[in-house]
Amino acid sequence: MKYDINIDLENRSEEYSFGEVAKQANGAAWIKSGDTVILATIVIDETEIVKDDFLPLTVQYIEKTYAAGKIPGGFFKRETKPSDFETLTSRIVDRSLRPLFPKGFGHPTQITIMTFSVDAEADLQILALNAASAALYVSDIDINKSVSAVRAAKIDGELVLNPTLSQLKNSTLDLYLSGTKDELLMIEMRSIGSQKVDTTLVMDPLLDPTMSAPVIMTHVSNALAEDELVDILQKTQQLLFESNAKYEDSFKEFKKETQAIEYKAHVINDEMVNYVKEHHFLDIKAAMNQMAKSERSTALRALRKKIMLIQEHWDEVELKDAIENVKKEQVRSQILNEKIRADGRALNEIRPISISTNVLPRAHSSCLFTRGQTQALVVLTMGGPKDAQMFETLTDDGIQNENFMVHYNFPGFSVGEASPVMGTKRRELGHGNLAKRALEPVTDFNGQTVRLVSEILESNGSSSMATVCGGYMALKAADIETSDTIAGIAMGMVSEGEKYAILSDIMGLEDHDGDMDFKVTGSKEGITAMQMDIKLGGVSLNILKEALYQAKEGRAHIIDIMQEAEKKIEFNEGVLPSTDFFHIHPSFIGEIIGQAGKTIREIIEKFEVAIDIDKKEGKVKVTGKSKNGVQAAREHIEGIVNAPKVPKIEYKVGDTYKGIVKKIVDFGAFIELPDGTDGLIHISKISDQRVDKVSDVVSEGDEIDVEILEFKGNKISLGRA
């Protein structure tokens, strides 16, 4: 393969080849970085144009398992449905490139990105976007801007740009920026993991001063403060701008001649606009007050039909655009000039919130979270390590296990649409992933597998943030340890020239007619996850900083309500599994297990629990359906560990002792000797007379005199003394 250009970037270099492969596509780019090879192509259908007001763009990122020298696992030995990573990567590329297409572009467009070879250190999401942008830039479509991505990590407190995957695994931050050489278009951010901090307790001065102060481990998240995030954004954005300038300078000589294509004529009919303003402005305002999408659409459709009865010669599609134009203008004008939103709220006002926990009696835990006309039912199920989701990636060896899952479902009835419930869509996968990234850094799963399912029952803006809030409450309703309270809020912005207004807790109308969709999750102190899409072409960091602090105020308000609801949680006792972790000295493990596992089986049967013991480190995990049973099992184990130790006796054949009958079996009885050692007296030795049933002679708990007859390995054979 002949490479046309080589571009050196921060912590990475990329080689590009144009015109050698996929020559029938409108644009194609073959990219090599390290041992990673990716092909991106773009094809448009010049014969068709979609008349609806949307861009018919489809992005598919496809991984080939041969790229890592693997054969697909499972029954089918070929690639099948996209993995979650492939779908999320496709979504990132789509959101980054969609703003580039000119207004009126209506041709069905397909961007395909295929990974042919993979380097274990490659950031495939960065390379996928860069390859797709290069293919689009050199294509014959009239797009002359490069879009690329930069990832930022924070390792040992230091900022690292374009980290390798190994470096990213040691980072407390994962920040993904995409944009052009002068505009920031998209942000994805999450804090990674958490840390266990040693905390030394302050000792009571009245206690023995020779005693050492106990140390406990505290779970602390790596949430990022707003000022630090803005500082990192500023440094990362600068590299993004510089990289795109390099790309454009390098790619321009390979750009194909731009073809003349038809654009959708999207001209607003001024006569219709003026008519609607003059005769039906109050009807538009009334429709705006119908906050639910279905109700608002019904009201606007009824208005359109009403006008068409009078103006029969008008084109109904043009009238629809005119009504939409008046509605959008009124929404934006009212926000910018009057500082009042369509539902009467102030710019920073949060809609009313109600929270009900454990509304499902047989689920492990649940939360019904309602904010305005957005409602999420979030249900939690707990499991063990075997319940984790297994998955494979190209850049990792072997099977990986995911022990925290967030699944988001958005049925049509939540927005009043008569549509069937189908498979998981990209948007649903993306929203679930955002909620997972928000909650994971503050949650201590202690080896458990946890699945959260968010069923959106009603939606009028920011159902993903309702999932975050409801998800946190479901975690607490399952008595799962968290280091902080996490809430999510969706922000928006409306701007006109130098004027702008930042909106807290946006509803669907403001999302549709606004210029920015900005979701931020975190505690009162910092941010755990963030997602931002900018529709107007870039946003200044000063405005972004203002939006971050307004979001912080909104989160604090929501968190106060959540913490009050947390005090009222009643657990689903008898349904909610309970797990306890504690340590014992490894030297006591043998006593807990007992001879041939006898003791531990008795504990499991008596308290109805499962017990896992790490014999090397002395870690004990007790799990059961009843919290009381788990606690009782722990106390029993600790009783064995803390019980006074009886010195072991060196038994000899012929010695006699008093023993206690512990268990009767068909062939004899097990006798506990004075130091706790067990011996067996056979049925033939239990009496001088013939015995048909051992229980005819002795009962459990009886004290009898026994003689040591012989030793068989570790077993002691007894007779009556």
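# Helix packing and strand pairing in a predicted model

Helix α4, residues 226-251, packs with α11 at an angle of about 150 degrees, and their axes are 10 Å apart. This is a predicted model, so keep that in mind throughout. Anything over 145 degrees counts as roughly antiparallel. So α4 and α11 are roughly antiparallel to each other. Their crossing is right-handed.

Who makes that contact? From α4 we have Glu 226, Asp 227, Leu 229, Val 230, Leu 233, Gln 234 and Gln 237. They meet Leu 541, Leu 544, Lys 545, Leu 548, Tyr 549, Lys 552 and Arg 555 in α11. By type, the contact of α4 with α11 has seven nonpolar residues, two polar and five charged.

Stay on α11. This helix covers residues 541-566, and it also packs with helix α9, residues 463-477. Here the angle is about 25 degrees, with the axes 11 Å apart. The cut-off for roughly parallel is under 35 degrees. Therefore α9 and α11 are roughly parallel to each other. α9 passes α11 in a right-handed crossing. On the α9 side, the contact uses Cys 469, Tyr 472, Met 473 and Lys 476. On the α11 side, Ile 558, Met 562, Ala 565 and Glu 566 take part. The contact of α9 with α11 divides into six nonpolar residues, two charged and no polar.

Take the open sheet of three strands. Its order is β24-β26-β25, and the pairing is antiparallel. Which strands stand at the edges? They are β24, residues 578-583, and β25, residues 609-614. Each has a single partner strand, so one side of each is left without a neighbour in the sheet. From one strand to the next, the twist averages 15 degrees. Helix α14, residues 627-642, packs on this sheet. α14 touches β24, β25 and β26, and its direction makes about 20 degrees with that of β24. Inside the sheet, β25 pairs with β26, residues 619-624, over six bridges in the antiparallel sense. Look for Ile 611, which stands opposite Val 622 in β26.

Next, strand β14, residues 365-371. β14 is mostly covered, with six of its seven residues buried. Two strands pair with β14. One is β13, residues 353-357, which runs antiparallel to β14 and is joined to β14 by five bridges. In that pair, Ser 354 stands opposite Thr 370 in β14. The other is β15, residues 374-383, joined to β14 by seven bridges, again antiparallel. There, Arg 371 stands opposite Thr 374 in β15. The hairpin of β14 and β15 has two residues between the strands, and Gly 372 takes a positive phi near 60 degrees.

There is another hairpin, built from β30 and β31. It has two residues between the strands, and Gly 713 takes a positive phi near 65 degrees. Strand β30, residues 703-712, pairs with β31 over six bridges in the antiparallel sense. Glu 707 stands opposite Gly 719 in β31. β31, residues 715-720, also pairs with β29, residues 678-682. Two bridges join β29 to β31, and these strands run parallel. Ile 681 stands opposite Leu 718 in β31.

Thr 449 lies in strand β19, residues 449-458. Is Thr 449 buried or exposed? Its relative accessible area is 3%, so Thr 449 is buried. Leaving aside neighbours within four places in sequence, Thr 449 has contacts that include Thr 381, Met 382, Gly 383, Asp 387, Asn 403 and Met 405.

Lys 436 lies in helix α8, residues 426-439. A lysine, but at 16% relative accessibility Lys 436 counts as buried, because the cut-off is under 20%. Again leaving aside neighbours within four places in sequence, Lys 436 is in contact with Glu 402, Phe 404 and Val 406.

Lys 305 is in helix α6, residues 293-310. With a relative accessible area of 43%, Lys 305 is partly exposed. Lys 305 and Ala 322 are 17 residues apart in sequence, and their C-alpha atoms are 13 Å apart in space.

Conventions
Residues numbered from 1 in each chain as written. Predicted model: local features only at pLDDT ≥ 70, side-chain atom pairs only at ≥ 80, totals over all residues. Heavy atoms only, no water. Pairing = 2+ DSSP bridges. Helix = DSSP H or I, 4+ residues; strand = E, 2+ residues; numbered from the N terminus. Axes fitted to C-alpha atoms, helices over the stretch in contact; angles between N-to-C directions. Contact = heavy atoms within 4.5 Å. Parallel < 35°, antiparallel > 145°, perpendicular 65-115°, else oblique. Left-handed = near helix turned anticlockwise from the far one by under 90°. Nonpolar A, V, L, I, M, F, W, Y, C, P; charged D, E, K, R; others polar. Buried < 20%, exposed > 50% of the residue type's maximum accessible area, 1.4 Å probe, protein only.
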